[in-house]
Amino acid sequence: MEEFHNGNEGSFNQEEVDNSIKECIESVVGGDDYSQSLVNKWTAGIVERCLTQLVKQGKPYKYIVTCAVMQKTGAGLHTANSCYWDTTMDGSCTVRWENRTMYCVVSVFAVAIA
Amino acid sequence: MFPLNLQTAFIVEEVSKIIKESVEAAIGGNAYQHSRVNQWSTSVVEQCLSQLSKLGKPFKYIVTCIIMQKNGAGLQTASTCFWDNSTDGSCAVRWENKSMYCIVSVFGLAI
């Protein structure tokens, strides 16, 4: 059976994206306490940074980046994702980050361009 | 310039209706319960996805769902997309009842 090995240029590298996301979160909110007046700017900042880093890789993908920041007050939060796509080429990565006063959940979805 | 082909376009209203129906069917009338929320969010995304694929349009879909208990906590979400503006689209619906919020986002990417 012929095995087709996908070179790095055309595949979704989950570990690389995971690290990239963590760096973006740290650089935007690392060390800050939850602030209602700033949270809007933070979520926008995080998604923009992540997207910029992803696009820089120059791979043939469309990207969707989502970010949720929640204040820690004991409330329950549950997130779920489901995708209808090409499982051989497309991929996703979700990172959960927290500090003393807030949770941050970032998801990246990469969809291959035919 | 080609006219907009309704059979291959991402129609926000159509998707919004599907999301609302899926959320109502999965959690409408229920109070937040930690032991069931896992099952609920899975059910919401699966129902949405199944209805979307039934539309038979040439799209890949991503459905995300957030369920949060109402207790005064602040929640902010954002998303950004790098795609083809002329063919791809997204739709987000915020739903709530007395004890919880449910935010569902659908992203459709043309094949």
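A residue counts as buried when its relative accessible area is under 20%, and as exposed when that area is over 50%. The model described here is predicted.

## The interface of chains A and B

The contact between the chains involves 38 residues of chain A and 38 residues of chain B. Together the two chains bury about 3000 Å², and 62% of this lies on carbon and sulfur atoms. On the side of chain A, Lys62(A), His78(A) and Tyr84(A) lose the most area to chain B, and together they make up 23% of what that side buries.

The rule finds 2 salt bridges across this interface. One of them links Lys62(A) to Asp88(B), with the closest N and O atoms 2.9 Å apart. There are also 16 residue pairs in polar contact between chain A and chain B.

## What chain A supplies

Four elements of chain A each give at least two residues to the side that touches chain B: α2 (39-56), β1 (61-71), β2 (77-84) and β4 (102-112). The most comes from β1(A), which gives 11 residues. By residue type, this side of chain A divides into 23 nonpolar, 11 polar and 4 charged residues.

β2(A) is joined by 8 bridges to strand β1 of chain B (residues 59-69), and the two run antiparallel. In this pairing Cys83(A) stands opposite Ile62(B) of β1(B).

## The hairpin of chain B

Within chain B, strand β3 (residues 89-96) and strand β4 (residues 100-110) pair in the antiparallel sense over 8 bridges. The two strands form a hairpin, with 3 residues between them.

β3(B) has two faces: Gly89(B), Cys91(B), Val93(B) and Trp95(B) are on the covered face, while Ser90(B), Ala92(B), Arg94(B) and Glu96(B) are on the uncovered one. Arg94(B), on the uncovered face, stands opposite Ile103(B) in β4(B).

## Ser105(B)

Leaving out residues up to four places away in sequence, Ser105(B) touches Ile62(B), Val63(B), Thr64(B), Cys91(B) and Ala92(B). Among these, Cys91(B) belongs to the covered face of β3(B) and Ala92(B) to the uncovered one. Ile62(B), also touched by Ser105(B), is the residue that stands opposite Cys83(A).

Terms used
Residues are numbered from 1 along each chain as its sequence is written. Chains are lettered from A and ligands numbered from 1 in the order in which they are written. This is a predicted model: local features need pLDDT of at least 70, side-chain atom pairs count only at pLDDT 80 or more; totals for chains, interfaces and linings use all residues. Side-chain values use heavy atoms; hydrogens and water are left out. Buried means under 20% relative accessible area, exposed over 50%, partly exposed in between (1.4 Å probe, protein chains only). Two strands pair if DSSP finds at least two bridges between them. Contact means heavy atoms within 4.5 Å. Buried area is the accessible area (1.4 Å probe) that two parts lose on being put together, summed over both. A salt bridge is a side-chain nitrogen of Lys or Arg within 4 Å of a carboxyl oxygen of Asp or Glu. A polar contact is a pair of N or O atoms within 3.5 Å; within protein, one must be able to donate a hydrogen and the other to accept it, and residues adjacent in sequence count only if both atoms are side-chain atoms. Ala, Val, Leu, Ile, Met, Phe, Trp, Tyr, Cys and Pro count as nonpolar, Asp, Glu, Lys and Arg as charged, and the others, Gly among them, as polar.
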